Amino acid sequence: MAQKIRVTVVTEYTPHLGHYPGDSVEEAAAFDERENNFVEYPTTYLDDPSELVSVTYEVVPTE
């Protein structure tokens, strides 16, 4: 059975609410999930190393 490595990155950032519709962090998070999602814009979320909370690596089986 082949194996892969899974990398899990946790990042936290303080949104600049003036750049978002609405006025709460919850609305900013929903907007980012909908309009600025990580898969399409990864560098947006990884541009500041100080925002990285954790990075883990694990071996996962593949079929």
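**A chat about strands, helices and a pocket**

Visitor: Hi! Which residues does Val7 touch, leaving out those up to four places away in sequence?
Guide: Val7 touches Val55, Thr56 and Tyr57, where contact means heavy atoms within 4.5 Å. This is a predicted model, in which local features need pLDDT of at least 70 and side-chain atom pairs count only at pLDDT 80 or more, while totals for chains, interfaces and linings use all residues. Residues are numbered from 1 along each chain as its sequence is written, and side-chain values use heavy atoms, with hydrogens and water left out.

Visitor: Where is Val7?
Guide: Val7 is in strand β1; helices (H or I, at least four residues) and strands (E, at least two) are DSSP runs, numbered from the N terminus. Val7 and Glu58 are 51 residues apart in sequence, with their C-alpha atoms 6.8 Å apart in space.

Visitor: How exposed is Val7?
Guide: Val7 is partly exposed, with a relative accessible area of 45%. Buried means under 20% relative accessible area, exposed over 50%, and partly exposed in between (1.4 Å probe, protein chains only).

Visitor: New topic: which residues of helix α1 are buried?
Guide: In α1, residues 25–35, the buried ones are Ala28, Phe31 and Asp32. Looking down the axis of α1, its buried residues fall within an arc of 100 degrees, so they line one face of the helix. The arc is that of the directions from the helix axis to the C-beta atoms.

Visitor: Why would residues three or four places apart point the same way?
Guide: An α-helix has 3.6 residues a turn, so residues with that spacing point the same way.

Visitor: And what's on the face of α1 turned away from its buried side?
Guide: That face carries the exposed residues Glu26, Glu33 and Arg34. As for the buried residues of α1, what covers them includes α2 (42–46).

Visitor: How many aromatic pairs are there?
Guide: A search of the whole structure finds three. Rings of Phe, Tyr and Trp (its six-membered ring) pair if their centres lie within 6.5 Å; planes under 30 degrees apart count as stacked, over 60 as edge-to-face and the rest as tilted. The rings of Tyr20 and Phe31 have centres 5.8 Å apart and planes at 90 degrees, so that pair is edge-to-face. Tyr20 lies in the loop between β1 (3–11) and α1, and Phe31 in helix α1, so the pair ties together parts eleven residues apart in sequence.

Visitor: Are Tyr20 and Phe31 buried or exposed?
Guide: Both Tyr20 and Phe31 are buried.

Visitor: What about Phe38 and Tyr45?
Guide: Their ring centres are 5.9 Å apart and the planes are at 45 degrees, so the pair is tilted. Phe38 is partly exposed, with a relative accessible area of 42%, whereas Tyr45 is buried at 11%. Ring pairs link Tyr13, Phe38 and Tyr45 into a cluster.

Visitor: What's the volume of the largest pocket?
Guide: About 230 Å³. On a 1 Å grid over the protein atoms alone, a pocket is an open set of points where a 1.4 Å probe fits, with protein on both sides within 12 Å along at least five of seven lines. Points are joined across faces, edges and corners, and a volume is the space filled by probe spheres set on them.

Visitor: Which residues line the largest pocket?
Guide: Among them are Tyr13, His16, Tyr20, Asp32, Tyr45 and Glu51; lining residues have an atom within 4 Å of a point.
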